[in-house]
Amino acid sequence: LAVIKPVAEPSLLGVGIDMEECAALRRLDDASVERAAQRWLTDKERDWCAKQDPFADALLVVLSCKEAVFKASNQGRVAHQVRLAVAGCCVRGEGWAEQSAVPIRVVWRRWRNQVVALAVAAAGVREVCSTDPTSSLVSRSLEGLTGA
Amino acid sequence: MTPTEEIPARLREILAQLLGVSPDGIGPGFSAESAPEWTSLNHLMLISQLESEFGVFFTNQEVQQLTSFDRIVAALVGRNQAGG
């Protein structure tokens, strides 16, 4: 992970939230899930999914995070073009947008049979990592929302 | 069955299975706006399913625009007539 390098007080630029039912992709067959992963995920995102169990739940997490990041970015890009680096498991974790003009953090939690992903776009942080101010902000916000 | 009959029929099956709705309610006028089950997540699943099923590839612009039964049928029929 990168080193924390705050260059100024983080300035909130956008917030995005997405909720998906945990079982949303479980009704699909393995081929459909794999096909979707090939189509919409980067190699790095797929590698992370491959280490999780079940794969469909991991795919759901990544797609939910992309949607949250897309909403937070407010840049008019389509959600599936968002590129993520993610760490954690299907139950909880965090990530950040790659190749983004503004640092965008995202965290997710499994909560009441839903995956809840919350993303925050904030300027003023040159590099981001798991303990940076933006990440803390996102984590606290999600904990406040889900009570988890 | 001709492609212009086959494509809507197959699309109806795919949408019904993916969205978990009755195929009877799917036809002209059916869209992401009218069907709450047609979420952004299901839309991505739908596009990758269609690309595989019909051997086509949709651009990002098309992915954003293909949010109704009619538009998808038109796009697939167009591709079919153009030879893929």
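**Exercise 1. Is Gln99(A) buried or exposed in this predicted model, and where does it lie?**

Step 1. Take the relative accessible area of Gln99(A): 63%.
Step 2. Apply the cut-off: exposed means over 50%. Gln99(A) is therefore exposed.
Step 3. Gln99(A) sits in the loop between strand 3 (92–98) and strand 4 (104–111) of chain A.
Step 4. Check the backbone. Gln99(A) is not a glycine, yet its phi is positive, about 55°.

**Exercise 2. Which residues does the cis peptide bond join?**

Step 1. Look for an omega of about 0°. The bond between Asp53(A) and Pro54(A) has this value and is cis.
Step 2. Recall the background: most peptide bonds are trans.

**Exercise 3. Describe how chain B meets chain A, then follow Ser48(B).**

Step 1. Count the contacts. 18 residues of chain B touch 17 residues of chain A.
Step 2. Take the area. About 1,500 Å² is buried between the two chains, and carbon and sulfur atoms give 59% of this.
Step 3. Find the main contributors in chain B. Leu41(B), Leu44(B) and Met45(B) lose the most area to chain A, together 36% of what that side buries.
Step 4. Turn to Ser48(B), in helix 2 of chain B. Its relative accessible area is 4%, so Ser48(B) is buried.
Step 5. List its contacts. Beyond neighbours within four places in sequence, Ser48(B) is in contact with Arg35(A), Ala36(A), Arg39(A) and Trp40(A).
Step 6. A polar atom of the Ser48(B) side chain lies 3.1 Å from the backbone oxygen of Met45(B).

**Exercise 4. Which elements and residue classes line the largest pocket?**

Step 1. Take the volume: about 390 Å³.
Step 2. Find the centre. The lining has 17 residues, and the closest to the centre are Glu67(A), Ala79(A), Thr39(B), Ser40(B) and His43(B).
Step 3. Assign elements. Strand 1 (6–21) and helix 3 (55–73) of chain A each supply at least two lining residues, as do helix 2 (40–54) and helix 3 (60–65) of chain B.
Step 4. Sort by class: eight nonpolar, six polar and three charged residues.

Technical notes:
Residues are numbered from 1 along each chain as its sequence is written. Chains are lettered from A and ligands numbered from 1 in the order in which they are written. This is a predicted model: local features need pLDDT of at least 70, side-chain atom pairs count only at pLDDT 80 or more; totals for chains, interfaces and linings use all residues. Side-chain values use heavy atoms; hydrogens and water are left out. On a 1 Å grid over the protein atoms alone, a cavity is a set of points where a 1.4 Å probe fits but cannot get out, and a pocket is an open set with protein on both sides within 12 Å along at least five of seven lines; lining residues have an atom within 4 Å of a point. Grid points are joined across faces, edges and corners, and a volume is the space filled by probe spheres set on the points. Helices (H or I, at least four residues) and strands (E, at least two) are DSSP runs, numbered from the N terminus. Ala, Val, Leu, Ile, Met, Phe, Trp, Tyr, Cys and Pro count as nonpolar, Asp, Glu, Lys and Arg as charged, and the others, Gly among them, as polar. Buried means under 20% relative accessible area, exposed over 50%, partly exposed in between (1.4 Å probe, protein chains only). A polar contact is a pair of N or O atoms within 3.5 Å; within protein, one must be able to donate a hydrogen and the other to accept it, and residues adjacent in sequence count only if both atoms are side-chain atoms. Contact means heavy atoms within 4.5 Å. Buried area is the accessible area (1.4 Å probe) that two parts lose on being put together, summed over both.
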